[in-house]
Amino acid sequence: VICNHSPLASEELPSLAAGDVVKIDLGCHIDGYIAVAAHTLVVSSTPDSPPENLSDEIGNVAVAAYNAMLVAADCIKAGAKNEGDVTSMV
């Protein structure tokens with residue numbers, strides 16, 4: 001399931017398993033101000049242990065996404081245009 005899915009109480013979904021990649025994406029709009037925050041994580045077998053047996057591919061994707069975010073954030077400034085100044089850099 002991808003992209004802002006909020007399951008209904010009546011939907012039966014599989015439980016999370018160790019090794020699953022999970023995206024947490026939250027947003028808030030108050031008095032005309034909007035804020036969003038998102039985080040991607042890998043489910044571990046216990047709450048206090050790090051994820052185990054991560055493939056190089058999962059690690060590479062996570063690092064690439066993080067680096068793309070840093071590049072995009074650096075390009076955002078007054079007068080910049082999304083397609084020409086931000087997206088093309090990423």
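## Exercises on a predicted hairpin and its loops

Strand 1 and strand 2 make a hairpin with two residues between them, and D31 in the turn has a positive phi of about 50°. Keep in mind that this is a predicted model.

**Exercise 1.** Find out how strand 1 and strand 2 run and how many bridges join them.

*Solution.* Start with the ranges: strand 1 covers residues 21-30 and strand 2 covers residues 33-42. Next, look at the pairing: the two strands run antiparallel, joined by ten bridges.

**Exercise 2.** Work out whether D31 is buried or exposed.

*Solution.* First place the residue: D31 lies in the loop between strand 1 and strand 2. Then take its relative accessibility, 71%. The cut-off for exposed is over 50%, so D31 counts as exposed.

Now try N53, which belongs to the loop between strand 2 and helix 1. Its phi is near 55°, a positive value in a residue other than glycine. N53 has 79% relative accessibility, so it counts as exposed too.

**Exercise 3.** Trace what the side chain of S44 reaches.

*Solution.* S44 sits in the loop between strand 2 and helix 1 (56-75). Its side chain reaches the backbone oxygen of T46 at 2.6 Å. Leaving aside neighbours within four places in sequence, S44 is in contact with A18, S49, P50 and P51.

How values were computed. Residues are numbered from 1 along each chain as its sequence is written. This is a predicted model: local features need pLDDT of at least 70, side-chain atom pairs count only at pLDDT 80 or more; totals for chains, interfaces and linings use all residues. Side-chain values use heavy atoms; hydrogens and water are left out. Two strands pair if DSSP finds at least two bridges between them. Helices (H or I, at least four residues) and strands (E, at least two) are DSSP runs, numbered from the N terminus. A polar contact is a pair of N or O atoms within 3.5 Å; within protein, one must be able to donate a hydrogen and the other to accept it, and residues adjacent in sequence count only if both atoms are side-chain atoms. Contact means heavy atoms within 4.5 Å. Buried means under 20% relative accessible area, exposed over 50%, partly exposed in between (1.4 Å probe, protein chains only).
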